[in-house]
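Work through the exercises below with the model open. Try each task before reading its solution.

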Amino acid sequence: MNCNKLSFSKPDVIPVLDFELSEIMQARDNGNILSLDLEITEACNCACVYCYRYESEGAQPPAPDELTAQEIEALLTEAKEKHDLRRICILGGEPLIPLIREKYISTLECCNRLGIEHVTFTNGVALDRDTAKLLHDLRASVSLKLNGMDALTHDTLVARSGAFEKSMTAFNYLFELGYGKERSISFETVVTQSNYNQIPEMWRWARERNVVPYVETLTVQGRSQTHTDNLVVSNEKLQRLFTQLQHIDSTEYGLEWEVLPPIAGGHRCLRYYMSMYVRANGVVCPCVGVDLEMGSVRTNSIKEILSSDVACQTRYINEHITGKCKSCDLAQTCYGCRGAAYQQGDLFGEDPVCWREQKNR
Ligand code: SF4
Ligand code: SF4
């Protein structure tokens with residue numbers, strides 16, 4: 001059974017989410033990590049109001065304790081040679097800021113040498129024509145931030161004027177180089193009150209260009225905690241939006257998927273079984289939404305990290321989960337968003353956003 005990609009009839013894969021359930025579970029039981037989320041820097045050129053980082057984080061220049069290119073290379077080599085690493089998501093901060101360009105290039109070159117696929121998540125502000133060419137030459141898949149279909153909405157959400165224009169220009173540079181055809185590209189956004197009404201239009205815009213839409217529910221943490229009144233969308237409205245997107249896909253593009261949080265498009269977050277999140281300073285957590293520490297790549301081997309108490313529980317999250325996520329008929333292939341549960345005080349509690357009616361198992 002394929003739990004991530006439900007009967008898509010067109011190429012519609014965010015590379016890092018495209019693993020078969022059997023591979024994922026095998027990786028977990030063999031102590032492997034098929035994918036890894038790497039925060040290459042904490043520094044950023046935007047200050048998104050919904051960011052999972054805190055107000056105090058993200059300033060430029062990069063903090064002095066961030067992993068060096070050599071340390072990242074050692075991590076990737078260990079992960080590939082001993083734990084079957086296949087893909088990484090390069091996160092920030094902002095991976096394309098010029099201040100860390102050398103480290104970024106060296107990371108992608110290392111991935112290419114080792115045969116590791118990579119997706120760069122970027123806000124697009126620093127993605128000029130030369131950078132687009134660089135991404136293409138380095139065989140990067142790209143996920144570009146797009147928070148709305150107009151400058152006011154996008155720029156307000158990323159807290160930087162001119163960002164929308166830059167994102168749109170960046171898409172065009174990438175399209176000219178063949179992204180959307182032979183190279184994967186997605187747009188990424190979080191559902192908030194201000195972009196809610198625009199998401200169906202963004203969805204169609206993406207489908208028409210072979211851009212994979214990556215639309216997620218908001219986890220209230222970090223910077224978003226200070227803007228909840230303007231950001232948080234009710235569960236009922238989220239369900240209505242996801243249902244509308246599913247209807248668009250079904251009637252206009254022949255794509256079928258199940259309407260579930262936290263990601264529209266039928267994608268499920270199964271990272272806990274086969275991934276880990278490495279922060280810029282080397283500290284490892286289960287994912288961006290959960291700041292429980294599993295160790296540090298500076299002082300621990302991956303094997304030690306995967307043997308930590310936190311990892312032992314999160315890698316087998318389905319054995320610890322409670323509430324309706326435990327009794328749910330999808331419990332073997334879904335745990336909702338653990339970040340959302342954790343931020344409400346219980347990592348193992350049911351996903352507070354899930355609208356799914358209970359069915360008998
Ligand atoms: S109740 Fe939990 S396991 Fe079931 S669909 Fe919702 S989030 Fe997934
Ligand atoms: S559990 Fe939620 S916050 Fe964590 S990686 Fe999955 S979707 Fe993101």
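A crossing is left-handed if the near helix is turned anticlockwise from the far one by less than a right angle, and right-handed if clockwise. This is a predicted model, in which local features need pLDDT of at least 70, side-chain atom pairs count only at pLDDT 80 or more, and totals for chains, interfaces and linings use all residues. Residues are numbered from 1 along each chain as its sequence is written, while chains are lettered from A and ligands numbered from 1 in the order in which they are written.

**Exercise 1. Confidence**

Task: State the mean pLDDT of the protein chain, then examine residues 1–16.

Solution. Step 1: pLDDT is the predictor's confidence in each residue, from 0 to 100. The chain has a mean of 90, and 93% of its residues reach 70 or more. Step 2: residues 1–16 have pLDDT below 50. Step 3: in the model, this stretch still has 43 contacts beyond near neighbours in sequence. Two residues are in contact if their C-beta atoms, placed from the backbone, lie within 7 Å.

**Exercise 2. H7 and H9**

Task: Describe how H7 passes H9 and which residues make the contact.

Solution. Step 1: find helix H7 at residues 199–208 and helix H9 at residues 235–252. Helices (H or I, at least four residues) and strands (E, at least two) are DSSP runs, numbered from the N terminus. Step 2: the two axes come within 10 Å and cross at roughly 30°. Axes are lines fitted to C-alpha atoms, for helices over the stretch in contact, and angles run from 0 to 180 degrees between N-to-C directions. Step 3: H7 and H9 are therefore roughly parallel. Angles under 35 degrees count as roughly parallel, over 145 as roughly antiparallel, 65 to 115 as roughly perpendicular and the rest as oblique. Step 4: the crossing of H7 with H9 is right-handed. Step 5: H7 supplies Ile 199, Pro 200, Trp 203 and Arg 204, and H9 supplies Leu 241, Gln 244, Leu 245 and Ile 248. Step 6: sorted by class, this contact has six nonpolar, one polar and one charged residues. Ala, Val, Leu, Ile, Met, Phe, Trp, Tyr, Cys and Pro count as nonpolar, Asp, Glu, Lys and Arg as charged, and the others, Gly among them, as polar.

**Exercise 3. H5 and H6**

Task: At what angle do H5 and H6 cross, and which residues make the contact?

Solution. Step 1: the axes of H5 (residues 151–158) and H6 (residues 163–176) come within 7 Å and cross at roughly 105°. Step 2: the two helices are therefore roughly perpendicular. Step 3: Ala 151, His 154, Asp 155 and Val 158 of H5 meet Ala 163, Phe 164, Glu 165 and Ser 167 of H6. Step 4: the classes are four nonpolar, two polar and two charged.

**Exercise 4. Ligand shells**

Solution. Step 1: a residue counts as near a molecule or strand if its C-beta atom, placed from the backbone, lies within 6 Å of it. Step 2: around ligand 2 are Thr 219, Pro 262, Cys 269, Arg 271, Cys 287, Val 288, Gly 289, Cys 337, Arg 338 and Gly 339. They divide into five nonpolar, three polar and two charged. Step 3: ligand 1 is surrounded by 13 residues, the closest being Cys 325, Cys 328, Cys 334, Gly 336 and Cys 354. The ligand 1 shell has eight nonpolar, one polar and four charged residues.

**Exercise 5. Backbone**

Solution. Pro 262 sits in the loop between H9 and helix H10 (271–274). Gly 93 lies in the loop between strand E2 (87–91) and H3.
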